[in-house]
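Dear colleague,

Please find below the structure that I am handing over to you. My notes on it follow.

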Amino acid sequence: MQRILALGYALIAYLIFFATFLWLIAFVADFDLGPTTVNRAFEGTGLGQAIFTDLLLIALFGMQHSLMARPVFKESWTKLVPPSVERSTYVLAASAMLAILLGYWHTIPGSLWDFRGAPIEPAIWVLFFVGWTVLFVSTWLINHFELFGLQQAWFHGRERATPPPRLRQPLFYRYVRHPLYLGFILAFWATPHMTYSHLLFAGGMTVYILIGIAHEERDLVSYFGRDYEEYRARVGMLIPGIGRRAPPAA
Ligand SMILES: C[S@@+](CC[C@H](N)C(=O)[O-])C[C@H]1O[C@@H](n2cnc3c(N)ncnc32)[C@H](O)[C@@H]1O
């Protein structure tokens, strides 16, 4: 019974995440499909309050992600949450924080560029969708079901131990160490209409991604050791060949 509950919980967490993620895509694209978009959210507050609120929302989102993903945090809270649904609980918390970010976003008036209707507009949309595609494919290259907590609950249900994570370097991972984050960055910046609202979102999230990479790589080095250090010395961070780190001492 407990195993079926764990699997049901993992599935619900996955579906909630999926729905929130679709909202994120529509939000960034400024498609009126979800409750808000980057340019059609809260209005009417002063500029200072809007910027402060948006930066606070991004910071809260980043803190939840960074804190809950750390091994030391996982170690302590798996005393409360069963390990089989630890990742699903993370996914659920991340979806809640994302929904808060998108739902309470404050629109900022004005724009930096506007290529809507210009010949370059289709190329920008292609880049936008390439970003989401790279991101989605990268989840499968890492391990889609493990990333979203389904594998852990499934293995628990079948009374099998979850296999330990492996250092993966297929396809995009041969050229950059963080293709999934690169996909986010492309999708956030490739817009035909860069409003100041969108600029704050893209800029704030990019800064968070760079901070997240530093934390993630620290954990990857401590888990995979020399293998990750060698990978990091050979492969660029977000752009091929750029952001390689000094090789480990022999
Ligand atoms: C949201 S994914 C992002 C992966 C990667 N940073 C990227 O942008 O493609 C984060 C998880 O992937 C894991 N991870 C990152 N790089 C990995 C690799 N090369 N092989 C296996 N797992 C990796 C991290 O330990 C973390 O649990």
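A polar contact is a pair of N or O atoms within 3.5 Å; within protein, one must be able to donate a hydrogen and the other to accept it, and residues adjacent in sequence count only if both atoms are side-chain atoms. A polar backbone atom of P179 lies 3.4 Å from an oxygen atom of the ligand. For Y181, a polar backbone atom is 3.0 Å from an oxygen atom of the ligand. H178 uses a polar side-chain atom, 2.7 Å from a nitrogen atom of the ligand. On its own the ligand has 570 Å² of accessible area (Shrake-Rupley method, 1.4 Å probe), and the protein covers 82% of this area.

This is a predicted model: local features need pLDDT of at least 70, side-chain atom pairs count only at pLDDT 80 or more, and totals for chains, interfaces and linings use all residues. Residues are numbered from 1 along each chain as its sequence is written, and side-chain values use heavy atoms, with hydrogens and water left out.

The residues around the ligand (a heavy atom within 4 Å of it) include R166, R168, Y173 and E216. This shell holds eight nonpolar, one polar and three charged residues, where Ala, Val, Leu, Ile, Met, Phe, Trp, Tyr, Cys and Pro count as nonpolar, Asp, Glu, Lys and Arg as charged, and the others, Gly among them, as polar. Helix α8 gives the largest share, three residues; helices are DSSP runs of H or I with at least four residues, numbered from the N terminus.

Elsewhere, F52 is found in helix α2 (residues 47-69). F52 is exposed (over 50% relative accessible area), at 55%.

Yours sincerely

How values were computed: Helix = DSSP H or I, 4+ residues; strand = E, 2+ residues; numbered from the N terminus. Buried < 20%, exposed > 50% of the residue type's maximum accessible area, 1.4 Å probe, protein only.
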